[in-house]
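Dear colleague,

I am passing on the structure we talked about, with some notes on what was found in it. Please read them with the model open beside you.

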Amino acid sequence: MYGGGNTFEKITATKLEDEDPILLQEFEEKIAKGGKIEPQDWMPALYRKQLTRMIEQHAHSEIIGALPEGTWITRAPGFRRKRAILAKVQDEIGHAQLLYSAAETLGKTREAMINDLVTGKSKYSNIFNYPAYTWADAAVIAWLVDAAAIVNQTANAKGSYGPYSRALDRICIEESFHLKYGHDAVVYLATGTDMQRQMVQEALNRWWKPLMHFFGPPDKQSKHTEILMRWKVKMGTNDEMRNQFMDMYVPKIWELGLDIPDAELGKDEETGIWSFADPDWEEFKRVINGDGPLNKERLAVRKAVENNSEWIRKAILSPESKYVVPLA
Amino acid sequence: MEALKELLFKMADDSLVIGHRMGEWTGIAPMMEEDLAFSSIAQDKLGHANTLYDMLHELGEADADTLGFLRSANEFRNCQFVELPIGDYDFSLVRHFLFDNAEFIRYKHLANSSHEPLAKFARKVIGEVRYHVMHGNAWMKKLGNSHTAEGLERMQQQLNFAFPYALGVFEHSPSENEIKDQGYFVGEDTVKEEWMNTIKSVIAETKLTLPENAEPVTGGRKHEHTEHLSTMLEEMSVTLRLDPSVEW
Amino acid sequence: MKIDSLDPRVSRLKISADNSDFRPLANLDDLTTYQVFVRLKDKRPLLHVGIVHGPDLEIAFMHAKEQYSRRLTCTELWVVPTAQVICSDYAFVGESVYELEYSAADLDNIELPGVDLSNVSSFEIFHQSKRGVQQKHVGSVEATSLSGAFLKAKEAFANLPKAPAVSIWLSPSNAFRKSTEDEKEIWNMLDEKRYRDAIVYKVKHKIDAYKEKVRSNA
């Protein structure tokens, strides 16, 4: 037994072949039987490293993801939308908090993660580097970006790491509100006046390409991917996830009489696979590397938030405080 | 009836404006946990405003969205305190502490209002407002006992700046006497007296001091506002005004 | 150059576009951690729901309330500093955690920072019934030391049919900030916050009406 002050050993770049074979076998058997790994369990260094990176990026995507929709927080039309968009953006911050907490159990502090985010060392989802020009952009984000995220998160909730799965179970329940709220907001526009329809069509035109980017480029099968799938860190290929998203949401977009800006879009009824035009993977790479429309602003905002609250952190930190890694 | 409407309007307008202001922090507040808490309080305030406008609608006024989003600034009866911009987080916290303690006392008394829908709402909402006060008081005590000189200076400065505006919350409405006589509400003087006691007792647990001989900043209850209110309302209603006749 | 954003709130932050002045966070800038437990309904057990960061127990409680009980229902909330929770090892496969052999001396040597054991008269006990699920509160035991608490817990809870344990947490009862009976009213309005729930967003009638309109125009 140990107190909560327990700290993990530093992440060393242990190669898989250097891990203790007996411990590794027990670990893999546990996962193969559908068991979960908990923070106190032995785990290979590679597992810890990959999970930390994945959960951390997910958390960054939530905290930065609050900004595009946040653009319309002060301008939501009417009480019903005004409260809902606040609750929706609030949830994004809540999800970031839950995910950072899960990542902390793997031994990286929240401060270190935030530093890596704002200095660009650690990535977040590309899609949040695009601008929200109108209220309709906020509606499209709430519906379709969250729909895409749910496809990922529902799969990852079945992954092998206990704290991440528990956080995702909680998050998925909240995401179902986002999805319904977003759909509701889009439907009101799409079935409204010509002006409203035009707003939402233009927003969809802007977001479709980033949505295709969302799941990442087609997978290259590698030994590395195979291990991560065996360890239930990665729960599906990029293409599988994207196809699932299209299968669920393309018909729902079409039934509103909206056009999807892709002339090659179509489903092969035999294979169940959707085809789509090349969404410009070069642009995807440029945005990942910092050259998207709003990368600089997104990070500048997060930096400003941290800078502006520095005085509070210093004022309330009690001198005898000691950081303690969360237990679960 | 006009007196009752006056009471409902000033409360609804206060709630909408403070709710909007607090909501401006969502996603960009200090500390994720605090971001969440402050956003919830903002959402609660908007809910209060919506309910109070609905009560006015029952009394023959326009619907809540029209009342909240489409009136001009000179029709609003909120106190000037709530319309001031959010400033740094120190100001927003001090305002939250001062304003919400008044709200809590107000709703406690409104539980006995002769206007039954209002009394019923007050009895239900009191627990929620109690949380707002617990949150505000906890932060005031924390930052009022800052471990740094900067923390203490900032809080004292904001308290000095905010306090005269806070006194303006209790400005009498034109129909103050009738509001009391009809039993709608116990009146601003009673609330103010109890509020002073609470504020003094919380501040006594900090290293801060309340400014002496502060003169209330008034006008809001008589439709006089700073330029901040019209700027805020313009921004808030920009989407709805694209076409106020349709559903969004 | 200040950032001129599509978000008026961001423009008001007056951020310089290059933002070269970021001061990296130091350790403890995000303060320390607290464990949070929620009781959704009376007579249901308290469940571990996650953590919050905070400067002290009282503010951690304020934060936990909105992070973990802003939806559904809630009748009770407990918050405790992580440092004051003791966590067992995992039981061997097929066994109970109570079959692990801990010596009294080992247990009593475990540090509980910030706890004065001379003021402790009872411990709260939490079970995890299998890996992956939340810790669940099973009860409290009277004890003045960790070894005493473990023994008492074994007597009281080792054979609970509905709550086997692969791991347990123990924490002094007085280390918690627990919501009081009287404070229950802070959750009174939860049923009025349905705008946060998926279920209130219903648009089928709008979609059907739209399709009908398209059909009749065609």
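Is the crossing of helix 3 of chain A and helix 6 of chain A left-handed or right-handed? The crossing is left-handed, a term used if the near helix is turned anticlockwise from the far one by less than a right angle, and right-handed if clockwise.

This is a predicted model, in which local features need pLDDT of at least 70 and side-chain atom pairs count only at pLDDT 80 or more, while totals for chains, interfaces and linings use all residues. Residues are numbered from 1 along each chain as its sequence is written, and chains are lettered from A and ligands numbered from 1 in the order in which they are written.

Chain A has a mean pLDDT (the predictor's confidence in each residue, from 0 to 100) of 92, with 96% of its residues at 70 or more.

The contact between chain A and chain C (C-beta atoms, placed from the backbone, within 7 Å) takes 63 residues from chain A and 59 residues from chain C. Helix 6 of chain A gives the most to the side of chain A that touches chain C, with 11 residues.

With best wishes

Terms used. Contact = placed C-beta atoms within 7 Å. Helix = DSSP H or I, 4+ residues; strand = E, 2+ residues; numbered from the N terminus.
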